[in-house]
Amino acid sequence: MAEIKVPELAESITEGTIASWLKQPGDRVEKGEYIVELETDKVNVEVISEEAGVIQELKAEEGDTVQVGQVIAIVSEGGEAPVKEEKMEAPKAEAAPTAPTQEATNTVAQEEKKDRTIASPAARKLAREKGIDLAAVSPVDPMGRVRVQDVNAHSNQPAPVAQPAAPKQAAPVSQEDGKPVEVVRMSRRRQTIAKRLLEVKQNTAMLTTFNEIDMTAVMELRKRKKDKFQEEHNGTRLGFMSFFTKAVVAALKKYPAVNSEIVGTDLVLKKYYDIGVAVSTDEGLVVPVVRDCDRKNFAEIEADIAGFAKKARDNKLALSDLQGGTFTITNGGVFGSLFSTPIINGTQVGILGMHTIQKRPVAVGDNVEIRPMMYIALSYDHRVIDGSEAVGFLVTVKKLLENPEDLLLEV
């Protein structure tokens with residue numbers, strides 16, 4: 001017998017939640033094959049079996065919280081699947097061997113297919129809400145993993161048979177006034193986000209200062225260069241994030257306290273520039289980190305950001321992708337946000353918030369012109385950063401983005 005234990009996940013992560021079992025008792029498993037998906041505070045982790053054999057027992061159920069090092073399954077080395085064998089036995093030797101045996105075989109095959117369907121937790125949740133049998137969903141993933149988009153695509157198809165289980169999905173009823181409500185358990189990641197945001201608000205002297213940027217010059221430069229840029233860099237698109245990342249790095253060099261961290265009574269000034277870029281997912285915001293942004297060109301930064309966005313959508317971000325950032329940029333503008341106060345990320349002391357670009361009348365010399373304007377916000381820990389430094393930081397970002405030729409010299 002071999003024990004499957006929760007592996008070491010990361011230095012700051014000591015537990016996880018069983019999101020979904022990919023194998024069930026009686027299933028054959030090969031060495032190195034995934035058997036369970038764990039939801040942690042940051043990302044989902046798939047755990048492999050260290051031995052080939054048959055799953056004998058699952059010691060935790062989906063939704064259970066498990067600790068690092070805890071035994072969650074037992075695998076017999078070699079051997080057969082006794083549970084499956086019992087299901088496949090004919091009831092009696094004298095029974096008719098044709099139609100009844102075939103029906104039993106078909107039923108077991110359907111059950112096995114349903115049990116073995118590999119799906120993300122979000123896809124399983126959505127399928128339950130829509131009353132969809134996951135075994136009936138055709139995944140796009142070549143490995144056969146069902147994702148949210150597959151469930152949505154399946155639900156948009158005309159249903160040949162009505163779903164009898166739908167009434168069982170009715171929302172719970174409030175005990176106070178009889179009005180319908182739905183109670184949805186927060187995911188571990190959402191709970192962690194809520195906890196950490198509250199901790200930041202309680203444990204930092206956070207303030208926010210604002211400025212605005214005339215995006216005319218950046219937009220014109222991008223328009224002139226984007227086709228050639230994409231052609232020269234293997235299809236990588238020139239977006240606004242690389243401009244902002246480069247401008248932030250230049251501002252951090254000028255105001256090093258914004259690129260620091262409080263450790264006890266010490267201030268750790270970081271001489272490297274690992275910039276976190278907030279990415280939205282179905283289960284909340286994650287912040288993958290683009291490393292060594294001071295050493296990378298625009299194309300390398302854009303490629304890293306695009307790669308992280310894809311990994312986030314596919315739920316493939318690794319813990320290492322999310323650790324060690326020195327400063328964060330978040331872009332609420334992609335959702336249409338005009339003005340907001342971002343909350344500092346973790347132990348960092350500053351975060352830059354971008355917002356939607358909106359055409360507004362502005363004074364240009366003695367004239368009033370319509371220009372594409374963006375509000376930007378710097379939330380910062382006032383224990384470390386003075387107001388003058390915060391304002392100076394934003395002014396530096398503003399000047400560089402309004403004069404992108406100067407920004408190119410920072411590469």
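1. A residue is called buried here when its relative accessible area is under 20%, exposed when over 50%, and partly exposed in between (1.4 Å probe, protein chains only). Phe 393, at 0% relative accessibility, therefore counts as buried.

2. The model is predicted, so local features need pLDDT of at least 70 and side-chain atom pairs count only at pLDDT 80 or more, whereas totals for chains, interfaces and linings use all residues. Residues are numbered from 1 along each chain as its sequence is written, and side-chain values use heavy atoms, with hydrogens and water left out.

3. On the overall architecture, the protein has ten helices and 19 strands; these are DSSP runs numbered from the N terminus (helices H or I, at least four residues; strands E, at least two). Of its 411 residues, 42% are buried. Where contact means heavy atoms within 4.5 Å, 63% of the contacts between residues at least 6 apart in sequence join residues at least 24 apart.

4. Aromatic pairs deserve a separate point. Rings of Phe, Tyr and Trp (its six-membered ring) pair if their centres lie within 6.5 Å; planes under 30 degrees apart count as stacked, over 60 as edge-to-face and the rest as tilted. The count by this rule is four aromatic pairs. One of them is edge-to-face, joining Phe 243 and Phe 298 at 5.0 Å centre to centre with 70° between the planes. This pair links distant parts of the chain, with Phe 243 in helix α7 (residues 241-254) and Phe 298 in helix α8 (residues 298-313), 55 residues apart. Both Phe 243 and Phe 298 are buried.

5. Phe 327 and Phe 393 form a tilted pair, 5.6 Å centre to centre with 40° between the planes. Here strand β16 (residues 327-331), which holds Phe 327, is linked to helix α9 (residues 387-402), which holds Phe 393, across 66 residues. Phe 327 has 0% relative accessibility and so counts as buried.

6. Phe 210, Phe 339 and Tyr 375 make up one aromatic cluster. The charged end of Arg 360 sits over the ring of Tyr 375, 4.2 Å from its centre; the criterion is NZ of Lys or CZ of Arg within 6 Å of the ring centre and within 35 degrees of the ring normal. Arg 360 belongs to strand β18 (residues 358-364) and is buried, with a relative accessible area of 12%. Neighbours within four places in sequence aside, the contacts of Arg 360 include Glu 212, Glu 369 and Tyr 375.

7. A further charge over a ring is found at Phe 240, where the charged end of Arg 222 lies 5.0 Å from the ring centre.
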